[in-house]
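Hi,

Here is the structure I promised to pass on. Have a look at it first, and my notes on what I found follow below.

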Amino acid sequence: MVPEPLQNLTREEFQGKTYSLRMHEPDSDVFYRTIAELADRLVQQHPDSRQLLTRIQRLSRSKRFIRRLVRDGSDSHDGALVATLKDELAAYTTNVQSHLRGLRLIDRWDRTLATSEEQYHLYMLEIELTNRLYSDRFRSSSPKFAFLPHCLRDLSADCRAAQRDIDFVCKGCTDECNVNHASKVLRLHGVKPYIWMSADLRGLLRNAKKEGDGLGVLGIACIPELVRGMRMCLKFDVPVVGVPLDANRCARWWGEFYPNAVNMNKLESLL
Ligand code: SF4
């Protein structure tokens with residue numbers, strides 16, 4: 001398939017391999033309203049957001065436990081939470097089951113590729129709660145780095161991104177490129193944007209913790225990868241915020257790259 005500019009894609013064409021935050025809309029604004037309302041409701045019921053976040057993280061770690069909750073109904077608190085998330089968010093994860101059924105045996109061991117539908121829902125909430133808990137600390141951090149996925153670039157351009165201090169940096173060769181758009185906005189807010197190709201994120205975080213150098217991180221990635229990166233930042237006590245790609249459309253999922261996008265309103269709201 002020849003990649004088309006994003007604005008030419010109909011909502012039916014903006015499919016992700018497993019999820020799409022634009023499933024029924026021309027953009028992902030409705031998704032962000034839905035997840036914000038859901039988080040508001042849950043925070044009202046569980047005023048300690050940190051505890052709620054820990055509970056969600058723990059819950060999403062065991063697919064077997066979640067399966068049992070789903071099978072046994074929603075009598076427990078955790079079962080009710082999983083059922084509520086499914087009611088509100090299943091519209092964005094309609095392709096997960098068919099993807100899982102088609103996975104090769106060897107890929108079933110890949111935690112990212114084998115993410116279950118319930119895990120997607122818990123991850124969506126986890127990202128929202130993490131953003132709420134850490135956006136103030138992120139904003140007051142210095143330096144602030146952002147890591148963008150290379151699949152967000154204009155696939156029809158001859159990308160001129162160049163290696164700089166810790167990773168590749170966009171050179172702004174085309175106005176059609178979403179990495180270019182996001183990089184400009186990030187720079188305006190004092191965040192250094194990198195295209196994540198080779199940076200040793202763990203080493204960077206370990207060093208930041210050791211040196212206490214005030215680093216804050218913003219991540220953009222598909223949902224399972226974003227959650228993994230955000231958890232790693234928090235493990236090293238580095239404040240982190242993140243925006244998921246609108247869908248998972250890269251070669252890891254499809255075998256080839258398709259144009260992708262990130263919600264710029266959401267990105268700006270975190271800066
Ligand atoms: S605008 Fe930046 S990321 Fe996009 S293709 Fe050009 S150099 Fe690469």
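Let me start with a glycine: Gly-190 follows helix H7 and has a positive phi, near 75 degrees. Helices here are DSSP runs of H or I with at least four residues, strands are E runs of at least two, and both are numbered from the N terminus.

Before the rest, some housekeeping. This is a predicted model, so to speak of a local feature I need pLDDT of at least 70, and side-chain atom pairs count only at pLDDT 80 or more, while totals for chains, interfaces and linings use all residues. Residues are numbered from 1 along each chain as its sequence is written, and side-chain values use heavy atoms, with hydrogens and water left out.

Back to H7, which covers residues 178-188. Its buried residues are Asn-178, Val-179, Asn-180, Ala-182, Ser-183, Val-185 and Leu-186. By buried I mean under 20% relative accessible area; exposed is over 50% and partly exposed is in between (1.4 Å probe, protein chains only). Those buried H7 residues pack against strands E1 (144-148), E4 (192-195) and E5 (216-221), and against helix H11 (264-269). Contact here means heavy atoms within 4.5 Å.

Asn-180 in H7 counts as buried because its relative accessibility is 3%. Leaving aside neighbours within four places in sequence, Asn-180 is in contact with Cys-170, Gly-172, Thr-174 and Asp-175.

Now the ligand. How many residues surround it? There are 14, and the closest are Cys-159, Arg-160, Cys-170, Cys-173 and Cys-177; the cut-off is a heavy atom within 4 Å of the molecule. The shell divides into eight nonpolar, three polar and three charged residues.

Next, Thr-130, which is in helix H6 (residues 117-139). Is Thr-130 buried or exposed? Thr-130 counts as buried, because its relative accessibility is 2%. Its side chain reaches the backbone oxygen of Glu-126 at 2.7 Å. Not counting residues up to four places away in sequence, Thr-130 touches Leu-53, Ser-135, Met-230, Leu-234 and Val-240.

Arg-55, in helix H2 (residues 49-61), is buried because its relative accessible area is 14%. With neighbours within four places in sequence set aside, Arg-55 is in contact with His-46, His-77, Asp-78 and Leu-81. Arg-228 is in helix H9 (residues 223-235) and counts as partly exposed, because its relative accessibility is 24%. Not counting residues up to four places away in sequence, Arg-228 touches Arg-111, Thr-112 and Tyr-123.

Last one: Gln-15, in the segment before helix H1 (29-45). Gln-15 is partly exposed, with a relative accessible area of 28%. The side chains of Gln-15 and Asn-95 are joined by a polar contact of 2.8 Å (a pair of N or O atoms within 3.5 Å; within protein, one must be able to donate a hydrogen and the other to accept it, and residues adjacent in sequence count only if both atoms are side-chain atoms).

Cheers

Key
Nonpolar A, V, L, I, M, F, W, Y, C, P; charged D, E, K, R; others polar.
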